[in-house]
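Hello,

Here is the structure I promised to pass on. Please open it first, then read my notes below.

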Amino acid sequence: MSAHQADDPGSRLETFSGNRGLQIEEPLIFEQDSPGHCGVDLPEPAPFHSRLGGLERQGPIGLPGLSEPQIVRHFTRLSQKNYAIDAGLYPLGSCTMKHNPRLNEKLARLPGLADIHPLQPVSTVPGALELIDTLAHWLKALTGMPAIALSPAAGAHGELCGMMCIRAALEARGDRRTRVLVPESAHGTNPATAAACGYTVDPIPANATGRVDRAALEAKLGSDVAALMLTNPNTCGLFEREILEIAEAVHRAGAFFYCDGANFNAIVGRVRPADLGIDCMHLNLHKTFSTPHGGGGPGSGPVALSATLAPFAPLPWIVHGPEDLEFIEHKTGAAENSLGRLKGFHGQMGMFVRALAYMMSHGSDGLRQVAEDAVLNANYLRTRLADDLSLSFPGPCMHEVLFDDGFLKDTGVTTLDFAKALIDEGYHPMTMYFPLIVHGAMLIEPTETESRASLDQFVDVVKALAAAARSGDAARFRAAPVHTPRRRLDETNAARKPVLRWRPEPVQREAAE
Amino acid sequence: MRYLPLTAPDRAEMLAAVGVDSIDALFADVPAAARLIGPVDLPRAMGEIEVERSLSRMAARNVAAGSVPFFIGGGVYRHHIPAAVDHLIQRGEFLTSYTPYQPEISQGTLQYLFEFQTQVALLTGMDVANASLYDGATACAEAVMMANRVTSRRRAVLSGGLHPHYRQVCATYARFVGFELSAQDPRGGEKLARLIDPSTSCVVVQNPDFFGEVRDYAELARACHDAGALLIVVVTEILSLGAVRPPGAMGADIVASEGQSLGNALNFGGPHVGLFATRDTLVRQMPGRLVGQTVDADGRRGWVLTLSTREQHIRRERATSNICTNAGLCALAFTIHLALLGETGLTQLARLNHAAAVTLSERLELVPGVRLLNRTFFNEFAMRLPRPAAEVVEALAVRGVLAGVPVSRFYPGNAAVADLLLVAATEMTTAEDMDRLERGLREVLS
Amino acid sequence: MSLLRYTKDHEWVRLDGDIAVVGITDYAQSQLGDVVYVELPEIGRQVEQGKEAAVVESVKAASEVYAPVSGEVTEVNDTLAADPAKVNADPMGEGWFLKLRLAHPRELDGLLDEDAYKRFVEDQH
């Protein structure tokens with residue numbers, strides 16, 4: 001057992017178990033199998049005649065058996081290896097990692113909301129329709145748009161929905177257009193979605209202020225352009241100040257204006273996107289409206305639609321009938337031009353409940369305060385870090401601030417290294433290498449649920465790291481992280497020789513050979 | 001406001017530090033015409049008591065499935081979720097964590113997703129699975145698009161036994177992404193092998209199918225492969241794989257499934273969890289996130305997201321799909337539930353489901369005018385009633401029994417299926433429930 | 001005698017008789033990082049100058065490899081499937097991607113020679 005060497009960032013005190021205090025080395029469940037064991041107790045059915053037609057499984061599945069204490073311990077240990085909003089700040093630009101209120105979890109689990117089946121007679125779920133309609137009302141009021149499609153399961157799914165509505169509208173008027181304009185700073189889902197809908201993607205550069213180059217955009221407009229896909233505020237954290245002129249130009253060309261609403265947190269309650277001239281905008285309930293990220297999902301991506309695009313919204317629809325709410329599941333009546341279904345059943349109801357609880361908790365005044373605090377927090381970080389990092393664009397930002405790796409020039413430290421050192425300091429890194437229009441991008445979004453103290457602590461750490469990089473302490477950065485359950489992982493090897501599941505060891509031969 | 005930590009003094013000091021007089025200065029780029037003077041016309045902030053009262057009132061207007069005899073399936077199934085599952089998924093480190101892009105501080109998420117991928121591969125009898133998709137229907141559409149890419153063909157044949165929502169989602173994607181569907185009649189009588197031609201990329205079947213029928217697709221798999229097409233098998237009731245021969249053993253190339261039955265409540269249809277599995281040779285064409293095993297700088301085993309160059313944030317226009325997310329927490333619930341069940345528990349649970357359905361079918365067959373249509377089934381079967389099933393279901397709902405799904409809900413105006421009712425039974429179905437359904441049916445049909 | 005030319009997309013082409021060997025340059029591989037996978041065309045495929053002929057993937061990026069000249073694919077480097085690292089280690093030699101039978105030999109005239117390519121790369125910085 002070697003003594004701890006304080007000057008070698010890579011060494012640590014070795015233990016016999018490999019565990020490190022509260023950090024436990026936890027094997028896979030497949031490596032803890034007690035064959036025949038089980039974490040549930042189930043009764044035996046009375047004798048019956050199988051109706052499987054001889055198609056029973058012919059061999060074991062290969063699943064491991066463990067007891068409940070072992071399972072609880074296993075997943076508890078796994079959870080202890082994760083960073084989370086509950087534990088610390090995520091300064092991730094464009095992700096809006098705000099606090100996830102626990103009231104939302106409680107209400108989503110009410111039996112009247114969680115234990116209802118999508119195919120129950122509609123007469124037995126009027127409260128579900130009411131809830132969904134109430135959510136729709138709130139989202140329409142906040143966006144200023146007359147219609148909202150609620151079924152898309154995530155932001156990218158919402159983008160697909162929006163672009164499909166646009167294409168359906170163009171086809172309905174016999175207008176064949178083939179191009180979609182997308183800023184170079186856009187998130188990769190934008191061009192991927194446009195291409196998925198059969199469009200060719202034409203990129204538009206940014207100007208020196210980090211906003212979309214209006215002259216370049218107008219030069220690319222033509223009668224073959226179906227839509228502009230714009231994020232506002234944009235992925236540099238800046239409000240597109242010429243948005244009204246852009247909307248006008250897009251409409252004059254007969255095209256549609258799609259807005260990526262990922263950054264709605266900056267303007268919710270202060271600006272209605274409808275007033276900016278947009279035709280179509282997806283929202284991320286898991287960003288602006290606090291539904292939990294859950295380690296990667298589930299999300300929900302409703303799409304606000306103009307009156308022109310509303311007839312094409314995907315099924316199902318909830319409409320106000322003469323007496324009650326009506327549930328439309330087929331392309332009939334008002335929904336005859338719907339583009340059909342994008343998802344099974346009715347949408348992410350569990351996320352609707354959480355988002356509505358969030359919105360009701362804040363109210364219109366609270367939501368407006370959310371945007372203001374989000375913008376203030378980001379500008380506070382901008383002001384305090386402007387001398388230590390390299391601000392990519394001068395002037396105030398919205399809810400997120402963009403830096404690039406200029407301040408790391410000649411230090412031998414990359415944006416990636418800087419981020420890994422931040423992990424050792426107890427923070428999840430900021431968004432890195434996005435947007436692509438600056439070199440080594442660092443996009444920081446604190447959100448409104450960070451306290452002033454939290455921001456000040458973060459600033460102190462970032463300042464110290466920046467100073468350390470400039471003073472030549474590159475070794476610290478390249479070795480980082482050292483205090484985490486795992487150090488840097490070999491992603492090249494993972495991609496060259498993919499191992500995507502556990503497999504049992506081949507049976508060893510007994511005899512010596 | 002309880003979720004906003006900044007105080008008035010904080011705001012004042014921070015504005016001063018930023019060097020502006022008021023917050024409005026930071027919104028100066030917003031065109032004057034678009035600036036809202038005051039809050040939007042919506043209710044003001046509410047405390048927890050009021051919000052809870054408001055949403056509880058809406059919840060109380062609904063009939064919860066657990067409060068009545070319940071027989072509805074149709075692609076979403078009511079099963080018991082062990083208490084430990086919901087407690088574990090609510091741990092903050094799972095609930096409030098982000099996508100595991102920084103693997104050093106996400107080994108918890110990455111390890112459970114690796115376990116999930118393994119579980120899905122084992123259940124379906126396939127080589128490899130992804131870290132989940134939104135739901136079964138979108139997984140089905142993604143499977144068709146993958147088959148198109150792999151074969152460089154653009155015509156998919158869909159069995160009439162495919163869940164109608166899955167078929168409709170495929171149709172939406174077909175129209176906009178640009179490929180063809182040959183969707184067969186739900187009334188049956190299809191000869192799928194005969195529909196395969198040189199333009200066919202895949203044949204999509206469901207097992208058990210929408211009407212509950214369980215079949216062997218090995219011969220169809222051979223016919224597909226002989227013609228250079230792929231066989232896609234959809235499974236809407238994942239629990240069936242605790243008893244039924246898996247698609248991998250039948251020669252499937254891709255399995256697209258709904259995983260909701262394990263770990264996830266009904267939730268009025270969402271969020272659920274799409275499962276996607278395929279063969280090793282096709283792994284680079286698989287959509288969605290993938291977790292791979294590797295080692296860290298100290299040589300210790302760990303996991304990372306891998307093969308991400310297929311995804312939209314890198315390939316942009318050339319991505320294999322535009323999917324940016326997986327079902328995260330729903331996949332975790334699936335993993336924990338299945339870990340608790342293990343080999344013996346899953347097998348036993350599947351037996352209980354099948355036994356309940358068999359018992360129920362035998363009892364309902366004794367009701368005058370009711371005819372069971374299935375030769376085989378797992379936990380759901382189709383019955384032909386002497387009257388339109390939708391009105392029977394409404395009448396039974398009035399009597400406090402949720403009797404199943406009338407097929408006409410999916411195919412309105414199709415006279416041939418108007419009398420068909422889908423009935424599901426699970427480990428949650430009691431003898432008293434079956435009594436109530438049988439009695440109710442006799443009353444309504446007499 | 002073999003003739004070596006380069007494109008502005010950082011592909012190289014070496015002519016041996018009427019067969020052209022194609023790969024990516026050292027600059028390209030250093031920009032990509034560790035190569036994890038190479039997607040090669042089928043034998044017999046016709047490729048056009050300037051159009052996509054192959055795809056090279058690293059952990060963080062995927063890049064199209066454009067055909068420097070038009071022709072028919074006669075051979076591809078199958079060893080890259082098991083060992084994509086060759087593209088990084090020896091991009092001009094063992095890391096070759098594919099061989100083409102030239103359709104229009106004059107296309108080579110429009111490409112950069114060694115010196116012109118070196119200058120082009122320097123100008124990128």
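Two strands count as paired if DSSP finds at least two bridges between them. Helices (H or I, at least four residues) and strands (E, at least two) are DSSP runs, numbered from the N terminus. This is a predicted model, in which local features need pLDDT of at least 70 and side-chain atom pairs count only at pLDDT 80 or more, while totals for chains, interfaces and linings use all residues. Residues are numbered from 1 along each chain as its sequence is written, and chains are lettered from A and ligands numbered from 1 in the order in which they are written.

**Chain C**

Start with the sheet. Six strands of chain C form an open sheet in the order 1-2-3-9-8-5. The pairing is antiparallel. Strand 1 (3-6) and strand 5 (46-47) of chain C are at the edges. Each has a single partner strand, so one side of each has no neighbour in the sheet. Strand 8 (residues 71-76) and strand 9 (residues 98-102) of chain C run antiparallel and are joined by five bridges. Across from C:Val76 stands C:Leu98, in strand 9 of chain C.

Now the whole chain. Chain C has four helices and nine strands. From the N terminus on, their order is β-β-β-α-β-β-β-β-β-α-α-β-α. Its C-alpha atoms fill a box of roughly 35 × 35 × 25 Å along the principal axes. The radius of gyration is taken over C-alpha atoms, and the globule rule is 2.2 Å times the number of residues to the power 0.38. For 125 residues, a compact globule would come near 14 Å; chain C has 13 Å, which agrees.

How much of chain C is buried? A residue is buried if 20 or more other C-beta atoms lie within 10 Å of its own, exposed if 12 or fewer, and partly exposed in between, with C-beta atoms placed from the backbone. Of the 125 residues of chain C, 39% are buried.

**Chain B: a second sheet**

Four strands of chain B form an open sheet, in the order 10-11-13-12. Again the pairing is antiparallel. Strand 10 (371-372) and strand 12 (405-406) of chain B are the edge strands, and each pairs on one side only. Work across the sheet:

- Strand 10 and strand 11 (residues 380-384) of chain B pair over two bridges. B:Leu372 stands opposite B:Met383.
- Strand 11 and strand 13 of chain B are joined by five bridges. B:Arg384 has B:Leu420 as its bridge partner.
- Strand 12 and strand 13 of chain B pair over two bridges. B:Pro406 has B:Leu421 as its bridge partner.

Look closely at strand 13 of chain B. Five of its five residues are buried. B:Leu420, B:Leu422 and B:Ala424 point one way, and B:Leu421 and B:Val423 point the other way.

**Chain B: domains**

Domain bounds come from an automatic or database domain assignment. For chain B it gives domain 1 (8-50), domain 2 (65-80 + 341-445) and domain 3 (83-337). The centres of domain 2 and domain 3 of chain B, taken over C-alpha atoms, are 27 Å apart. Two residues are in contact if their C-beta atoms, placed from the backbone, lie within 7 Å. By that rule, 29 residues of domain 2 of chain B are in contact with 23 residues of domain 3 of chain B. On the domain 2 side, helix 11 of chain B gives the most, with eight residues. That side divides into 17 nonpolar, eight polar and four charged residues. Ala, Val, Leu, Ile, Met, Phe, Trp, Tyr, Cys and Pro count as nonpolar, Asp, Glu, Lys and Arg as charged, and the others, Gly among them, as polar.

**Chain A**

Chain A and chain B touch. The contact takes 169 residues from chain A and 168 residues from chain B. On the chain A side, the largest share is 21 residues, from helix 9 (residues 349-385) of chain A. By class, that side has 86 nonpolar, 53 polar and 30 charged residues.

Why does A:Val250 count as buried? Because A:Val250 has 24 C-beta neighbours inside 10 Å. Leaving out residues up to four places away in sequence, A:Val250 touches A:Leu221, A:Leu228, A:Ala255 and A:Phe257. A:Val250 and A:Gly222 are 28 residues apart in sequence, and 9.0 Å apart in space, C-alpha to C-alpha.

Best wishes
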